[in-house]
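I am opening my notebook to write down what I looked up in this structure.

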Amino acid sequence: IFMVLSLLSIVYGALRCNILAIRIKYDDYDIRVKPAAYLCIFLWRSFEIATRVTVLVLFGSVLRIWVFLVVLLNFLGFCFYPWILFWLSKSPFPENIEKELSRVGTTIVLCLLTFLYAGINMFCWSAVHVELSDPDLISKSQNWYRMTVYYIARLMENAFLLLMWYIYRTDFYLYVCAPMLVLQLLIGYCMGIFFMLVFYQFCHPCKKLFSSSISEAL
């Protein structure tokens, strides 16, 4: 019961962040989010987060040491990614975050922001994407390529972790139909991707402002 309540709480937080991100990106427009959009976001985040957590738990139950390596690589990769893009852009260091902050204080704030960004992306696609070269520190453009790469890589990673769990599973899972569980988790993650595509294709409140639809981008 507590796990279900925690999941619902996290999914609701992800839903609110999605809506907030849309309002930030399109603050010049009057945005009206329809109930169908709320439903698609809820199902999208529910399948995505639940399956991701389950995959990590199953993998960690049989390969306890290696799960820390997987989490660490995920965290460091997403943590340094905004800084790498900032370095490649050759933009000046952000100075307009808060006038009272020194350069050291600004650096600490940016590091905390990227830590939060990395923590979110370990489990789901972040609604707001950090872009240190932007004055608002977030990317307001819709990057279909980055989203496609993320979900393909995450699906492959989940499949690999489930394969390792299937190979090294212990007698604790003797009465669990392992192939069916693996199939259910992979289908569950694909269902999350499906509802995400439905949201961006049909239910996004600002889909008319996109330079290209999700189907054209794919």
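I looked up V128 and found that V128 is partly exposed, with a relative accessible area of 26%, where buried means under 20%, exposed over 50% and partly exposed in between, using a 1.4 Å probe and protein chains only. I note that this is a predicted model, in which local features need pLDDT of at least 70 and side-chain atom pairs count only at pLDDT 80 or more, while totals for chains, interfaces and linings use all residues. Residues are numbered from 1 along each chain as its sequence is written, and side-chain values use heavy atoms, with hydrogens and water left out.

I placed V128 in the loop between α4 (103–121) and α5 (144–168), where helices are DSSP runs of H or I with at least four residues, numbered from the N terminus. Leaving aside residues up to four places away in sequence, I found V128 touching A21, Y117 and I138, a contact being heavy atoms within 4.5 Å.

Next I searched the whole structure for salt bridges and found three, each being a side-chain nitrogen of Lys or Arg within 4 Å of a carboxyl oxygen of Asp or Glu.

I saw that E48 and R45 pair at 3.0 Å, N to O, and that both are buried.

I then found E157 bridged to R52, with the closest N and O atoms 3.4 Å apart; this pair links distant parts of the chain, E157 in helix α5 and R52 in helix α2, 105 residues apart. R52 counts as buried because its relative accessibility is 2%.

Finally, R154 forms a salt bridge with E157 at 2.4 Å between the closest N and O atoms, so I recorded R52, R154 and E157 as linked in a network of salt bridges.

Technical notes:
Helices (H or I, at least four residues) and strands (E, at least two) are DSSP runs, numbered from the N terminus.
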